[in-house]
Amino acid sequence: MAGSVYYAIYDVDQGTMTPAQIKTAAQGSLAGALVAKGTVTGAAASTDYTTINATLADKKLYTMYAIGESSGT
């Protein structure tokens, strides 16, 4: 089944986020504690995908939030 994974990486823990908040952050602009974000589109189940196009500082704690959304096919 095809679908998308939305992710947002923060340098300060954001606590509990709703799926809608994560998707909005993944599609929005980098600002404040949000240091990386994006969307990975998958075409098949049980497939590994790698895609973070950000340079994150070494030896720093980050919190990553991610949600998956099926395209229904």
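Ser 4 is located in strand S1, which spans residues 3-10 (strands are DSSP runs of E with at least two residues, helices runs of H or I with at least four, both numbered from the N terminus). The model is predicted, so that local features need pLDDT of at least 70 and side-chain atom pairs count only at pLDDT 80 or more, while totals for chains, interfaces and linings use all residues. Residues are numbered from 1 along each chain as its sequence is written, and side-chain values use heavy atoms, with hydrogens and water left out.

Ser 4 is buried, at a relative accessible area of 16% (buried, under 20%; exposed, over 50%; partly exposed, in between; 1.4 Å probe, protein chains only). Apart from residues up to four places away in sequence, Ser 4 touches Thr 39, Val 40, Thr 41, Ile 67, Gly 68 and Glu 69 (contact, heavy atoms within 4.5 Å).

Tyr 62 occupies the loop between strand S2 (34-42) and strand S3 (63-70). With a relative accessible area of 21%, Tyr 62 is partly exposed. Beyond its neighbours within four places in sequence, Tyr 62 contacts Ile 9, Tyr 10, Asp 11, Val 35, Leu 56 and Ala 57. The Tyr 62 side chain also reaches the backbone nitrogen of Ala 57 at 2.8 Å. A C-alpha separation of 9.7 Å is computed between Tyr 62 and Ala 33, which are 29 residues apart along the chain.

The protein chain contains one helix and three strands, in the order β-α-β-β from the N terminus. Of its 73 residues, 25% are buried. Among contacts with a separation of 6 or more, 73% involve residues 24 or more positions apart.

Notes. A polar contact is a pair of N or O atoms within 3.5 Å; within protein, one must be able to donate a hydrogen and the other to accept it, and residues adjacent in sequence count only if both atoms are side-chain atoms.
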